[in-house]
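Open the model in your viewer and get ready to select residues one by one. Each stop gives you something to click and something to look for.

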Amino acid sequence: ELFKTRIELQPTVPQPRATLAFLYYQNGDNAAAIEILNEAAEAIPDFASYAGCIIDNIENDREPEAGC
């Protein structure tokens, strides 16, 4: 809930979304992590490339930030 509140309060700051996505990833919910990252890419265009890299890594069973 904390990160969802921070996202609502700071919709153009990528860190809360990235952290929430990583928490989902750590808990084995890759679909939720990818959904949050897609939302982040849409809401924060400057973050889109980085989010795309993380999504690609998750979909290909690599560490999320590897090479990003």
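Select Arg-17 to begin. Its relative accessibility is 8%, so Arg-17 counts as buried; the cut-off for buried is under 20%. Keep in mind that this is a predicted model.

**Stop 1: around Arg-17**

Now find the element that holds this residue. Arg-17 sits in helix 2, which covers residues 14-26. Arg-17 and Ala-33 are 16 residues apart in sequence. In space, their C-alpha atoms are 9.2 Å apart.

**Stop 2: a charged patch**

Select Asp-29, Glu-35, Glu-39 and Glu-42 together. These residues form a negative surface patch. Glu-39 belongs to helix 3, residues 30-43. Is Glu-39 buried or partly exposed? Its relative accessibility is 36%, so Glu-39 counts as partly exposed.

**Stop 3: two rings**

Turn to the aromatic side chains. How many aromatic pairs does the count come to? The count is two aromatic pairs. One to look at is Phe-47 with Tyr-50: the ring centres are 5.7 Å apart and the planes meet at 55°, so this pair is tilted. A pair of aromatic rings is described by the distance of the centres and the angle of the planes.

Compare the cover on each partner. Phe-47 has 8% relative accessibility, so Phe-47 counts as buried. Tyr-50 has a relative accessible area of 29%, and is therefore partly exposed.

**Stop 4: along helix 4**

Stay with Tyr-50, which is found in helix 4. Tyr-50 and Leu-37 are 13 residues apart along the chain, and 9.3 Å separates their C-alpha atoms.

Next, select Ser-49. Ser-49 also has its place in helix 4. Is Ser-49 buried or exposed? At 64% relative accessibility, Ser-49 counts as exposed. Ser-49 and Cys-68 are 19 residues apart in sequence, with C-alpha atoms 8.9 Å apart in space.

**Stop 5: a salt bridge**

How many salt bridges does the count come to? The count is one salt bridge. Select Arg-62 and Asp-56 to see the partners. Their closest N and O atoms are 2.7 Å apart.

Check how open each partner is. Arg-62 has 36% relative accessibility and counts as partly exposed. Asp-56 has 35% and also counts as partly exposed.

**Stop 6: an angle to notice**

Finish at Asp-61. Where does Asp-61 lie? Asp-61 is in the segment after helix 4 (48-59). Look at its backbone. The phi of Asp-61 is near 55°, a positive value in a residue other than glycine. Now check the surface: the relative accessible area of Asp-61 is 72%, so Asp-61 is exposed.

**Before you close the viewer**

Go back to two of the stops. Show Arg-17 again: Arg-17 is buried, at 8%. Then show Asp-61: Asp-61 is exposed, at 72%.

Notes: Residues are numbered from 1 along each chain as its sequence is written. This is a predicted model: local features need pLDDT of at least 70, side-chain atom pairs count only at pLDDT 80 or more; totals for chains, interfaces and linings use all residues. Side-chain values use heavy atoms; hydrogens and water are left out. Patches are made of residues with over 30% relative accessible area and no salt bridge: like charges are joined within 9 Å, nonpolar side chains (Val, Leu, Ile, Met, Phe, Trp, Tyr) within 5 Å. Accessible areas come from the Shrake-Rupley method with a 1.4 Å probe; for residues, only the protein chains shown count as cover. A salt bridge is a side-chain nitrogen of Lys or Arg within 4 Å of a carboxyl oxygen of Asp or Glu. Lys and Arg count as positive and Asp and Glu as negative; His and the chain ends are not counted. The place of a charge is taken as NZ of Lys, CZ of Arg, CG of Asp or CD of Glu. Helices (H or I, at least four residues) and strands (E, at least two) are DSSP runs, numbered from the N terminus. Buried means under 20% relative accessible area, exposed over 50%, partly exposed in between (1.4 Å probe, protein chains only). Rings of Phe, Tyr and Trp (its six-membered ring) pair if their centres lie within 6.5 Å; planes under 30 degrees apart count as stacked, over 60 as edge-to-face and the rest as tilted.
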